[in-house]
Amino acid sequence: MSIDGVSFVSSISAGATVSTSSQELDADDFMNLLIVQLQNQDPSSPMDTSEMMSQQTQLATVTQLTELNTTMQEQFALSMRTAALGMIGTEVSYYDANGDVVTGTAESTSFAYGVPTLKVGDAEVALDYILSAGVTAAASSDSSGTDATDSTGTDATDTTVTTD
């Protein structure tokens, strides 16, 4: 929930504070505001119960959206790791530091940084810099014109994944 053009007093009442370090309210800030609102309401005109339920529903929604966002980030990271592992032993193309397209075989992968990297020759290439990946030329070539198979007997026909 984004707050634009509103400044908060850092201490609303004894024991209730609102963080002013960012423009976002988290669940704790929301609960503190609700408690202060309940403590300072006019006894002759209490808060409408439907309004209170609406606020509690909003809090639950914000909490669930935050959890969903975390889950989606974890799923994306897992997808990137899976993609990097799937490229080991395949021929990949990427731009080098000079802007030239380089092609080589992905030998290994590392998850030491935020984005998985592939070792291609002497270079460490971040997964998001890979232009294309496919089965190596040696595994997919067959002069007889029949489907190529690898040493385990599985089909090794050329499959290329291209990213923009």
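Strand 4 and strand 5 form a hairpin in which six residues lie between the two strands. Helices (H or I, at least four residues) and strands (E, at least two) are here DSSP runs, numbered from the N terminus, and two strands pair if DSSP finds at least two bridges between them. The model is a predicted one, in which local features need pLDDT of at least 70 and side-chain atom pairs count only at pLDDT 80 or more, whereas totals for chains, interfaces and linings use all residues. Residues are numbered from 1 along each chain as its sequence is written, and side-chain values use heavy atoms, with hydrogens and water left out.

The pairing of strand 4 with strand 5 is antiparallel and extends over four bridges. Within this pairing, alanine 106 stands opposite valine 120 of strand 5. Strand 4 also has an antiparallel partner in strand 3 (residues 90-95), with five bridges between them. Here tyrosine 94 faces valine 102 of strand 4. Strand 3 and strand 4 likewise make a hairpin, with five residues between the strands, and glycine 99 in that hairpin adopts a positive phi near 90 degrees.

These strands belong to a protein chain with three helices and eight strands. Along the sequence, the elements of the chain follow the pattern β-β-α-α-β-β-β-β-β-α-β. Of its 164 residues, 21% count as buried, where buried means under 20% relative accessible area, exposed over 50%, and partly exposed in between (1.4 Å probe, protein chains only). The accessible surface of the chain comes to about 11200 Å², and carbon and sulfur atoms account for 54% of that surface. Such areas come from the Shrake-Rupley method with a 1.4 Å probe, and for residues only the protein chains shown count as cover. Among contacts (heavy atoms within 4.5 Å) between residues at least 6 apart in sequence, 40% join residues at least 24 apart.

Attention now turns to helix 2. Helix 2 covers residues 49-86, a run of 38 residues, and spans 55 Å from its first C-alpha to its last, close to the 56 Å expected at 1.5 Å a residue. The expected span is 1.5 Å times one less than the number of residues. Gln55, Leu59, Met80 and Ala84 are buried in helix 2. The buried residues of this helix pack against helix 1 (27-39), strand 4 (101-110) and strand 5 (117-120).

Why does glutamine 55 count as buried? Glutamine 55 counts as buried because its relative accessibility is 16%. When residues up to four places away in sequence are not counted, glutamine 55 touches Phe30, Leu34, Gln37 and Met47. One of these, leucine 34, lies in helix 1 and is buried at 6% relative accessibility. With residues up to four places away again not counted, leucine 34 touches Met47, Gln55 and Gln56. Leucine 34 and methionine 52 are 18 residues apart in sequence, and their C-alpha atoms are 8.6 Å apart in space.

Helix 2 also holds methionine 72, which is exposed, with a relative accessible area of 53%. Together with Leu65 and Leu68, Met72 makes a nonpolar surface patch of about 320 Å². An α-helix has 3.6 residues a turn, so residues three or four places apart point the same way. Patches are made of residues with over 30% relative accessible area and no salt bridge, with like charges joined within 9 Å and nonpolar side chains (Val, Leu, Ile, Met, Phe, Trp, Tyr) within 5 Å. A salt bridge is a side-chain nitrogen of Lys or Arg within 4 Å of a carboxyl oxygen of Asp or Glu.
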